[in-house]
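Please look over the sequence and the model shown below before reading on.

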Amino acid sequence: MRRRNLIAAVFLLAIGIGYAVLTAHLPTRDIGSTTQPSFFPWVVAVLFLVLSAALLIQGLLPATSNAVPKAPDVAPTKYLWGGVAFVVYLAALPTLGFLAANVPFFLALMYLYGERRPLWLLGGSIGISLALFYLFRGVFLILLPSGILSGVIS
Amino acid sequence: MNPDIVDGFAQASMMSSLIATGIGSLLGLVVGMIPGMTISTGIIIVLPLTFVLEPTISIALLLGLYVSGMTGGSFSAILLNIPGTPSASATGLDGHPLAQRGEAGRALGLAITASFIGGMVSFAGLFFIAPLLAEIALRFQSPDLFSLVFFGLTIICSFAAKSVIKGLLSAVIGLMIVTIGQDPMMGSQRFTFGQVNLIAGIHFLTALIGLFAIPQLVDNFVELIGDKETRYEAARIKRVLPRWADLKRIRLPVAIGAPVGAFLGILPGAGGPIAAFISYDYTKRVSKNRDEFGKGAPEGIAAPESANNAVTGGALVPMMTLGIPGDPVTAILIGALLIHGLAPGPLLFVENGGFAFGVIFSFMYANFFNIVIGFLGLRLLVKVLATPNALLMPTIALLCVIGSYALRNNFFDVYVMFGFGLLGLAMRWLDMPVVPLLLALVLGRPLEEHLRVSLAASQGDPTIFFTSPFSVVFLGLAALSIFWSFYAEHRSRRLSDGATRQ
């Protein structure tokens, strides 16, 4: 945990400095006694830097009983594939539209969560994607873009 | 009689409101029951569906989910020894041993009954205390409100984290995010980088979905694998309605749990788990049957269950009267009200008194639905425990994406949601709590507004925060809560270091 705290503190300090630099470049207004738009961000920046520095100092101090949480017993590739599935899905979403993108995404997630039966994979991904799509469009009146299927979907 | 009370009762008693409360209760029992799903996540997923509904109906649905979610959490604690919600952890201590003795129905019936009594006691507290507190809060000026919001933020940071520094850092990250978009006083753009989508700021709900739901999806890669047999066993339940002898046995634990829960619910940050364990512990000390605790004592189920359900009404008190959330769920409810153009706080009782009392009466109905649906649908509901993760989790993922998009019909919000999901995972890796960040997202804007209005009124003189007794008390309490948290953290480290050396 100490090593994590150190890494995080350095990273947070960098973010804090970046935030402070951006705050310094915020526009100023000349309206009587009212505080500037940068006033609150400055307060936040100072607090953030002080707390990050405190985390850094805590990380440098002799080790305490802060135990490192036990790593979950899951293959790292599973996380990787989950992340890849999400990123590809989000990238394809505006072009493919909700229905065409949801079906393969759902299928991929079902597979990652341990489903291996082909019929369940197909039935679940197509059935639930269709149900949610029409539920939101028909009942909740949220017009989800249909993308490449816009000619097919009413 | 106060016409707002009559109006509120009428609003909550409308057929549409009652149906919404009932659906919310049903969803709450299901969501609470599923280990790995929190009430917060359930509400976040349902919230986008309520955008098209009237505020009264929308809040009725969410309250149903909140109240019944607490009870649902005890179902899996009793049947599987896996608490569906953190608040149900204490219930499993005696509920599961009772279920193992073949009396699962008895344990569940006691949990539902105690939940109802706890909920109704907290309804009484909410009904009588909230309007009075709102009346007092109407006297607050900007400096008082700043100090109050600041106190609300600090006490939750202190409670939520094992490390005070990490809790405060989490809150400050939330405040940083709040500064994105238009300045609330002058309308100047801050940190928008020319991006039109950022002018209105980061939507509270987008951040919420990412912070809560994405880490939960990742968690469920791990949880519950290989639990199918245990889940299937859970479906065998006999008599559910409690016997008279059991009802007599739970009088004392409920009399302890309900007021303790209602009181702790009012205190921001304390929450259901603390109330449940305190009630359990105190009941064990005063009970004649203390030797049975841990082996399936009915008192050990009733005390924590009445307490955690009583917390719900208590938590609504600061939320409705001061605009200060008592726990993550009430923070989300504040967001839900804001989406409908209603700002919780003392003015809610003045400007929308009927609505405010409507919320209170919907809370009462939610408790009725909780006990009715709980008893009538229990055998069917527990079958949800057999739903495979492979169907549930992808459905949640799709609901998160659609929910983020539906906020402003914008793909940008979907990407922001995903970004917050990564932030939530990073914070978990660092053992940093997300609850302070969430509360900072809710309270950040009023904090800045009251700070700057106060300073503008005093020509920049910061002593204005020490001129009002209210403000001084709130600032004093904030300082005390931070100081106490540092002290408690230091003490617990010394204790555990000592234990390690031995």
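In this predicted model, the domain assignment of chain A gives two stretches, domain 1 covering residues 2-60 and domain 2 covering residues 76-149. The C-alpha centres of domain 1 and domain 2 of chain A lie 39 Å apart.

**Helix α1 of chain A**
- Helix α1 of chain A runs over residues 2-24, and because its 23 residues should span 33 Å at 1.5 Å a residue, the 32 Å between its end C-alpha atoms agrees with expectation.
- The buried residues of α1(A) are A:Asn5, A:Ala8, A:Ala9, A:Leu12, A:Gly16 and A:Thr23, and what covers them includes α2 (39-60) of chain A together with α8 of chain B.

**Chain B as a whole**
- Chain B contains 21 helices and two strands, and its C-alpha trace spans about 70 × 65 × 45 Å along the principal axes.
- A compact globule with 502 residues would have a radius of gyration near 23 Å, so the 22 Å of chain B agrees with that value.
- Of the 502 residues in chain B, 63% are buried, and among its contacts with a separation of 6 or more, 79% join residues 24 or more positions apart.

**Helix α8 of chain B**
- Helix α8 of chain B, which takes in residues 164-178, has 15 residues and reaches 21 Å from its first C-alpha to its last, close to the 21 Å expected at 1.5 Å a residue.
- This helix, α8(B), is mostly covered, with 15 of its 15 residues buried.
- Within the stretch 164-178, B:Val172 is in contact with A:Val44, A:Leu47, A:Phe48 and A:Leu51, once its neighbours within four places in sequence are left aside.

**Where the two chains touch**
- On the side of chain B, 48 residues are in contact with 53 residues of chain A.
- At least two residues of that side of chain B are supplied by each of α8, α18 (389-408), α19 (411-429), α20 (435-457) and α21 (469-501), and α18(B) gives the most, with eleven residues.
- The residues of chain B that touch chain A divide into 33 nonpolar, eight polar and seven charged.

**The largest nonpolar core**
- The largest nonpolar core has 201 residues, of which B:Ile43, B:Leu62, B:Val172, B:Leu208, B:Phe363 and B:Leu438 touch the most other members.
- Helix α6 (residues 104-137) of chain B provides the largest share of this core, 16 residues.
- This core lies between domain 1 (2-60) and domain 2 (76-149) of chain A, because both domains give residues to it.

How values were computed
Residues are numbered from 1 along each chain as its sequence is written. Chains are lettered from A and ligands numbered from 1 in the order in which they are written. This is a predicted model: local features need pLDDT of at least 70, side-chain atom pairs count only at pLDDT 80 or more; totals for chains, interfaces and linings use all residues. Helices (H or I, at least four residues) and strands (E, at least two) are DSSP runs, numbered from the N terminus. The expected span of a helix is 1.5 Å times one less than its number of residues. A residue is buried if 20 or more other C-beta atoms lie within 10 Å of its own, exposed if 12 or fewer, and partly exposed in between; C-beta atoms are placed from the backbone. Two residues are in contact if their C-beta atoms, placed from the backbone, lie within 7 Å. Ala, Val, Leu, Ile, Met, Phe, Trp, Tyr, Cys and Pro count as nonpolar, Asp, Glu, Lys and Arg as charged, and the others, Gly among them, as polar. Domain bounds come from an automatic or database domain assignment. A nonpolar core is a set of buried Ala, Val, Leu, Ile, Met, Phe, Trp, Tyr and Cys residues joined through C-beta atoms within 7 Å. The radius of gyration is taken over C-alpha atoms; the globule rule is 2.2 Å times the number of residues to the power 0.38.
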